[in-house]
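Here's a quick tour for anyone opening this structure for the first time. Have a look, then read on.

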Amino acid sequence: MVALASLIIGLLLLIVMHLLLPEFAAVLLLDRAGLTYPLSIQNIMWLVFCCGFGELVVRRAATLVEESQLRQDFLPEDATTMLQRDDLGKIYERVSQSADANRCFLPRMIQRCLLQFESTLSIEQSSAILTTNLDIYLHEIDLRYTMLRYVMWLIPSLGFIGTVIGISTALAYAGEPGRIDDPGLLTEVTRRLAVAFYTTLLALVMAAILVFGSGVVQTREEKSLNRAGQYCLDNLINRLFVR
């Protein structure tokens, strides 16, 4: 659904740029003067870029949901409360009834730590399961950015492909019989080569934007995981008490 929405937004963006951009900007960003327009490499890159940006929006929204879990007051946060075995059932029930219990890091960590303590009555093993879960969830976060990393690789690749195609067509145009005597040959070949290099320039700018956005969002998501782990350590593991 997100990919489809991103493609629709990308198409609308292309239509707006086609209608509003001046000639030079349209050539730079869309290759509007190209022989295959509107099926140009630039237009394809814009669609891929919108898909990557849509993925960033999804990851940012997921991060906001993760951060909101810390405000649910699943665990006691005062300075005096200690948790015994009889207190854990109510906490587990409340966490399980949370709308995001099956997809957010904090509820899943609390549930697993509680189950581990219930079965072993060992604070050390509960702490170990918390550490294991943090490692697993960190890997899970990394896997969520696989498609975005592919998009960030694909855009420069499309740019280089567009440059190669542009150079090839320019040389093929210059090598046509009778072109050597054409007074406008140099101007036309130069224009085609310029468009070819514009493709790589645009691709590098798009990739740079996505790399920056990905770094910011992934860092924020990993920080939310670290905060969830610290929350469990301070308000659950350190409060467990065995008679």
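**Cysteines, a serine and a surface patch**

Cys-232 is buried, with a relative accessible area of 0% (buried means under 20% relative accessible area, with a 1.4 Å probe and protein chains only). Before going on, note that this is a predicted model, where local features need pLDDT of at least 70, side-chain atom pairs count only at pLDDT 80 or more, and totals for chains, interfaces and linings use all residues. Residues are numbered from 1 along each chain as its sequence is written, and side-chain values use heavy atoms, leaving out hydrogens and water.

**The cysteines**
- Cys-113 is buried too, at 1% relative accessibility.
- The sulfurs of Cys-232 and Cys-113 sit 5.5 Å apart, which is too far for a bond.
- The disulfide count is zero, where a disulfide is a pair of cysteine sulfur atoms within 2.5 Å.

**Around Ser-224**
- You'll find Ser-224 in helix α8, residues 185–235 (helices are DSSP runs of H or I, at least four residues, numbered from the N terminus).
- Ser-224 counts as buried, at 4% relative accessibility.
- Its side chain reaches the backbone oxygen of Glu-221 at 2.6 Å.
- Leaving aside residues up to four places away in sequence, Ser-224 touches Thr-63, Glu-66 and Glu-67, with contact meaning heavy atoms within 4.5 Å.

**At the surface**
- Leu-12 belongs to helix α1, residues 2–20.
- Leu-12 is also part of a nonpolar surface patch with Leu-4, Ile-8, Ile-15, Val-16, Leu-19 and Leu-20.
- Together, the patch residues have about 730 Å² of accessible area (by the Shrake-Rupley method with a 1.4 Å probe, only the protein chains shown counting as cover).
- Patch residues have over 30% relative accessible area and no salt bridge, and nonpolar side chains are joined within 5 Å; a salt bridge is a side-chain nitrogen of Lys or Arg within 4 Å of a carboxyl oxygen of Asp or Glu.

Conventions. Buried means under 20% relative accessible area, exposed over 50%, partly exposed in between (1.4 Å probe, protein chains only). Patches are made of residues with over 30% relative accessible area and no salt bridge: like charges are joined within 9 Å, nonpolar side chains (Val, Leu, Ile, Met, Phe, Trp, Tyr) within 5 Å. Helices (H or I, at least four residues) and strands (E, at least two) are DSSP runs, numbered from the N terminus. A polar contact is a pair of N or O atoms within 3.5 Å; within protein, one must be able to donate a hydrogen and the other to accept it, and residues adjacent in sequence count only if both atoms are side-chain atoms.
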